Amino acid sequence: MEVNMSPEEVLLEIQQLNANGENLNKKSVKKTNPQLMRSALHYYPDWDSAIEKSITG
């Protein structure tokens, strides 16, 4: 699995999507931004954990 984003970049990207009102549902992100999803799942146990970390820091 190729990961081109750092953990910090993953969190920033999730924060940007959230700020823009984008849908953060796993299926939607996997379709629209597969690189983000691959990177998030590389660094975090699951997508929800990545979202939670992006919110709480």
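Which residues of α4 are buried? Before selecting them, note that this is a predicted model, in which local features need pLDDT of at least 70, side-chain atom pairs count only at pLDDT 80 or more, and totals for chains, interfaces and linings use all residues. Residues are numbered from 1 along each chain as its sequence is written, and side-chain values use heavy atoms, with hydrogens and water left out.

**First stop: helix α4**

Select residues 47-56, which form helix α4. Helices here are DSSP runs (H or I, at least four residues), numbered from the N terminus. The buried residues of α4 are Trp47, Ala50, Ile51 and Ser54; buried means under 20% relative accessible area, exposed over 50%, and partly exposed in between, with a 1.4 Å probe and protein chains only. Seen down the axis of α4, these residues fall within an arc of 100°, so they line one face of the helix. The arc is that of the directions from the helix axis to the C-beta atoms. An α-helix has 3.6 residues a turn, so residues three or four places apart point the same way. On the face turned away from the buried side of α4, select the exposed residues Asp48 and Thr56. The cover over the buried residues includes α1, α2 (26-32) and α3, where contact means heavy atoms within 4.5 Å.

**Second stop: helix α1**

Next, select residues 7-19, helix α1. Its buried residues are Val10, Leu11, Ile14 and Leu17. They cover an arc of only 125° around the axis, which puts them on the same side of α1. These buried residues pack against α3 (34-43) and α4. The exposed residues Glu8 and Ala19 are found on the face of α1 turned away from its buried side. Just after α1, Gly21 takes a positive phi of about 75°.

Display both helices together. Leu11, Ile14 and Gln15 in α1 meet Trp47, Ala50, Ile51, Lys53 and Ser54 in α4. The residues of this contact divide into five nonpolar, two polar and one charged. Ala, Val, Leu, Ile, Met, Phe, Trp, Tyr, Cys and Pro count as nonpolar, Asp, Glu, Lys and Arg as charged, and the others, Gly among them, as polar.

**Last stop: Ser39**

Finally, select Ser39, which lies in helix α3. At 0% relative accessibility, Ser39 counts as buried. Leaving aside its neighbours within four places in sequence, Ser39 is in contact with Val3, Asn4, Met5 and Val10. The C-alpha atoms of Ser39 and Asn20 are separated by 20 Å.

Technical notes: Axes fitted to C-alpha atoms, helices over the stretch in contact; angles between N-to-C directions. Helix = DSSP H or I, 4+ residues; strand = E, 2+ residues; numbered from the N terminus.
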